[in-house]
Amino acid sequence: MTSLTHFDAGGQAHMVDVTDKPVTGRVAVAEGWVRMRPETLALVEQGTAKKGDVLGIARLAGIMGAKKTADLIPLCHPLPIGKVALDLVVDTTLPGVRITATVKTTGQTGVEMEALTATTTAALTIYDMLKAAEKSIQIGGIRVILKDGGKSGRFEG
């Protein structure tokens, strides 16, 4: 089993030293979903939610979330993010919205946490914008589906 990198030899939490790692291109993609009743989803599709353009605002929130990851997750490194893209798709079979976040950087560590934070922030924003219409909205399925770059190479899950 691999040892956890965020603990030192004494078992204390620490920020991993990446200063000797090479700068490489890195990408991570995360996904998740927000499930709701069909009538709530209709508000999203028709653009009639009381707070406005649910998907547009959630997309911006996801971008902002990715950029703030190091402020939210204590041991994350602040990274120069080169790209954040969110794809929010209405899925009537869910019913709800499927979220995919792609984050790219050129740096010394990966952007998995940024992709996960973007996805989560977008999902939370969708909930916030629709909670007046439905309290039982569910958020789930948040996971990394692609990570590439760096020493550990490519992961697809």
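Trainee: How many bridges join β2 to β3, and do they run parallel or antiparallel?

Mentor: Two strands count as paired if DSSP finds at least two bridges between them, and strands are DSSP runs of E, at least two residues long, numbered from the N terminus. Here 10 bridges join β2 to β3, and the two run antiparallel. They form a hairpin with 4 residues between them. Across the pair, L86 stands opposite A101 in β3. Bear in mind that this is a predicted model, where local features need pLDDT of at least 70, side-chain atom pairs count only at pLDDT 80 or more, and totals for chains, interfaces and linings use all residues. Residues are numbered from 1 along each chain as its sequence is written, and side-chain values use heavy atoms, with hydrogens and water left out.

Trainee: Which residues touch the most other members of the largest nonpolar core?

Mentor: In soluble globular proteins, nonpolar side chains tend to be buried together. A nonpolar core here is a set of buried Ala, Val, Leu, Ile, Met, Phe, Trp, Tyr and Cys residues joined through side-chain atoms within 4.5 Å; buried means under 20% relative accessible area, exposed over 50%, and partly exposed in between (1.4 Å probe, protein chains only). The largest core has 30 residues, and M36, L86, L88, V97, I99, I126 and L130 touch the most other members. β1 (24-35), α1, α2, β2, β3 and α4 each give two or more residues to this core, with α4 giving the most, 8 residues.

Trainee: And what does L88 touch?

Mentor: Contact means heavy atoms within 4.5 Å. Leaving out residues up to four places away in sequence, L88 touches L55, A58, R59, V97, R98, I99 and I126.

Trainee: How far apart are the end C-alpha atoms of α4?

Mentor: Helices are DSSP runs of H or I, at least four residues, and the expected span is 1.5 Å times one less than the number of residues. For the 19 residues of α4 (residues 112-130) that gives 27 Å, and the end C-alpha atoms are 27 Å apart, so the two agree. The buried residues of α4 include L116, I126, M129 and L130.

Trainee: Is L124 buried or partly exposed?

Mentor: L124 is found in helix α4, and it counts as partly exposed because its relative accessibility is 48%.

Trainee: What sits over the ring of W33?

Mentor: A charge sits over a ring if NZ of Lys or CZ of Arg is within 6 Å of the ring centre and within 35 degrees of the ring normal. At W33, the charged end of R35 sits over the ring, 4.2 Å from its centre.
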